[in-house]
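Subject: Structure handover

Hi,

Here is the structure for you to look through. Please open it next to this email, and read my notes after it.

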Amino acid sequence: MPGGPLDLESQLVFYRKYHFNHKNVAIHLGCIPLILLSAIALATRTTILGKDHPYISTGSIVAWTYGLYYAILDWQLGIPSFGVLVTFAYFIRSFYLSLGPESIISQSQFTQIALGIHIVCWLAQFYGHAVHEKRAPALMDNLLQALVLAPFFVVFEVAFALGYKLDIKKNMDNKAGKLVMEMNKKEKEKKKAT
């Protein structure tokens, strides 16, 4: 990957080249946050340091890691993202710990709901790529990069829609557009050869 993991522009260009169709992007805007938040919810069940530190869970570690990475990439959008993720991890852990025999749902049902949301959203993602984008998702080329960058890409999409950081959007779209044209050209050549 040109530019490395701390090069925001190369990260956004990589992700954008797989997300040009507006319907697919809309699906991602709804599903990617739910995928990350449901993953944090699922991971919140595991306490790292035992009963003396009930709020240090796998979910909180995921939230802190993602949030810090986003803050390093772009502090203006990363710090609010960090705040949302860490706050969610804290409150979802508090909710999970409060579940008991008298609760509306059990801890087991909590897990089933989080898992159901996670699976449905992943299926919607694949649908968006197959039907609307007509291109394999980014995770087929770089699983880790796609999983970590996708939520921050959504943050940028929202910022762009609000008229913020449009210079980054223009550069990202131009560079990604050229990459998409190259990918399409290679795909056509490959089809002609067969």
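Below is what was found, from the overall build down to single residues.

Some ground rules come before the findings. This is a predicted model, where local features need pLDDT of at least 70 and side-chain atom pairs count only at pLDDT 80 or more, while totals for chains, interfaces and linings use all residues. Residues are numbered from 1 along each chain as its sequence is written, and side-chain values use heavy atoms, with hydrogens and water left out.

Overall build

The protein has seven helices and zero strands. From the N terminus the order is α-α-α-α-α-α-α. Helices here are DSSP runs of H or I with at least four residues, strands are runs of E with at least two, and both are numbered from the N terminus. Along the principal axes, the C-alpha atoms fill a box of roughly 65 × 35 × 30 Å.

Of the 194 residues, 41% are buried. Buried means under 20% relative accessible area, exposed means over 50%, and partly exposed is in between, using a 1.4 Å probe and protein chains only. The exposed surface comes to about 11,200 Å². Carbon and sulfur atoms supply 67% of that surface. Areas are from the Shrake-Rupley method with a 1.4 Å probe, and for residues only the protein chains shown count as cover.

Now the contacts, meaning heavy atoms within 4.5 Å. Take those between residues at least 6 apart in sequence: 70% of them join residues at least 24 apart.

On charge, there are 19 positive and 13 negative, and their mean positions are 7 Å apart. Lys and Arg count as positive, Asp and Glu as negative; His and the chain ends are not counted. Each charge is placed at NZ of Lys, CZ of Arg, CG of Asp or CD of Glu.

Helix α1

Helix α1 covers residues 8-16, and eight of its nine residues are buried, so it is largely enclosed by the rest of the structure. The buried residues are Leu8, Ser10, Gln11, Leu12, Val13, Phe14, Tyr15 and Arg16. They pack against α2, α3, α6 (143-161) and α7 (166-193).

Asp173 and Val13 are 160 residues apart in sequence, but their C-alpha atoms are 7.3 Å apart. Leaving aside neighbours within four places in sequence, Asp173 is in contact with Arg16 and Phe20.

Helices α2 and α3

Helix α2 (residues 22-43) packs with helix α3 (residues 58-73) at an angle of about 145°, and their axes are 6 Å apart. Axes are lines fitted to C-alpha atoms, for helices over the stretch in contact, and angles run from 0 to 180 degrees between N-to-C directions.

Which residues of α2 and α3 meet? Leu36, Ile40 and Ala43 come from α2; Thr58, Gly59, Val62, Ala63 and Tyr66 come from α3. By type, the contact has six nonpolar residues, two polar and no charged. Ala, Val, Leu, Ile, Met, Phe, Trp, Tyr, Cys and Pro count as nonpolar, Asp, Glu, Lys and Arg as charged, and the others, Gly among them, as polar.

Two residues in α5

Ile117 lies in helix α5. Ile117 is partly exposed, at 36% relative accessibility. In sequence, Ile117 and Leu34 are 83 residues apart; in space, 7.1 Å, C-alpha to C-alpha. Ile117 touches Leu34 and Ser38, not counting residues up to four places away in sequence.

Gly116 is also in helix α5. Gly116 counts as partly exposed at 30% relative accessibility. Gly116 and Ser38 are 78 residues apart in sequence and 8.9 Å apart in space, C-alpha to C-alpha.

Two lysines with positive phi

Most residues other than glycine have a negative phi. Lys134 has phi near 55°, a positive value. Lys134 lies in the loop between α5 (107-133) and α6. Lys165 has phi near 60°, also positive. Lys165 is in the loop between α6 and α7.

Which of the two is buried or exposed? Lys134 is exposed, with a relative accessible area of 63%. Lys165 counts as buried, at 12%.

Best wishes
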